[in-house]
Amino acid sequence: MPTFADLPVSEPYEGSTRRAIEGEKATVIRYTLDEGHAFPLHRHPEEQITLVEAGELDFTLGTETRRVQAGDYVVVPPDVEHCARSLRGTASLLCVVAPARRDVGAVPVG
């Protein structure tokens, strides 16, 4: 049975990697951010639930920035600007996006 580690890796921005799978209704993405690197401010029409698996980050959601770490989660409503910057160590984020995003190079499953 394949694992996330077996999925193809892309580098959407310097200092970050992405692996993704998609079903009919949702996409699951694991991002890593090297210490000091950021995923830039962006928005998309899908809702995103982000679980911090490792590291410590500043996560900006709209006009608010908060410090998050392993075990914390952030719910990003549709069309709200957001970004993250890794502060300590390599950060790992697991994101569930619904409806499915078709623009992240996800491997179809199911």
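Among contacts in the protein chain between residues at least 6 apart in sequence, what percentage join residues at least 24 apart? In this predicted model, in which contact denotes heavy atoms within 4.5 Å, the share is 64%. Residues are numbered from 1 along each chain as its sequence is written, and the model being predicted, local features need pLDDT of at least 70 and side-chain atom pairs count only at pLDDT 80 or more, whereas totals for chains, interfaces and linings use all residues. Side-chain values use heavy atoms, with hydrogens and water left out.

The protein chain contains zero helices and eight strands; helices (H or I, at least four residues) and strands (E, at least two) are DSSP runs numbered from the N terminus. The order of elements from the N terminus on is accordingly written β-β-β-β-β-β-β-β. Along the principal axes, the C-alpha atoms of the protein chain fill a box of roughly 35 × 25 × 25 Å. The radius of gyration is 13 Å, in agreement with the value near 13 Å that a compact globule of 110 residues would have; this radius is taken over C-alpha atoms, and the globule rule is 2.2 Å times the number of residues to the power 0.38.

The protein chain exposes about 6,200 Å², of which carbon and sulfur atoms supply 53%. Accessible areas come from the Shrake-Rupley method with a 1.4 Å probe, and for residues only the protein chains shown count as cover. Of the 110 residues, 34% count as buried, where buried means under 20% relative accessible area, exposed over 50%, and partly exposed in between (1.4 Å probe, protein chains only).

Side chains of opposite charge can pair when their charged atoms come close. A search of the whole structure finds seven salt bridges, each defined as a side-chain nitrogen of Lys or Arg within 4 Å of a carboxyl oxygen of Asp or Glu. One of them joins Glu-53 and Arg-30 with an N to O distance of 2.8 Å. Glu-53 belongs to strand 4 (residues 47–61) and Arg-30 to strand 2 (residues 27–33), so this pair ties together parts that are 23 residues apart in sequence. Both partners are partly exposed, Glu-53 at 31% relative accessibility and Arg-30 at 26%.

A further salt bridge is formed by the side chains of Arg-43 and Glu-81 (3.6 Å, N to O). This pair links distant parts of the chain, 38 residues apart: Arg-43 is in the loop between strand 3 (38–42) and strand 4, and Glu-81 is in the loop between strand 6 (73–76) and strand 7 (82–98). Arg-43 is partly exposed, with a relative accessible area of 48%, and Glu-81 is likewise partly exposed at 33%. The side chains of Asp-58 and Arg-67 also meet in a salt bridge, at 2.7 Å from N to O. Asp-58 is partly exposed at 23% relative accessibility, as is Arg-67 at 48%.

Ser-92 is located in strand 7 and counts as buried at 12% relative accessibility. Its side chain is joined to that of Glu-53 by a polar contact of 2.7 Å. A polar contact is a pair of N or O atoms within 3.5 Å; within protein, one must be able to donate a hydrogen and the other to accept it, and residues adjacent in sequence count only if both atoms are side-chain atoms. When residues up to four places away in sequence are not counted, Ser-92 touches Arg-30, Tyr-31, Thr-32, Leu-51, Val-52, Glu-53 and Ala-54.

Thr-27 lies in strand 2 and is buried, with 0% relative accessibility. A polar atom of the Thr-27 side chain lies 2.9 Å from the backbone nitrogen of Arg-101. Beyond residues up to four places away in sequence, the residues touched by Thr-27 include Ala-20, Ile-21, Glu-22, Cys-95, Val-96, Val-97, Ala-100 and Arg-101.

The structure holds zero disulfides, a disulfide being a pair of cysteine sulfur atoms within 2.5 Å. The closest cysteine sulfur to that of Cys-83 belongs to Cys-95, at 13 Å, which is too far for a bond. Cys-95 is buried, with a relative accessible area of 2%.
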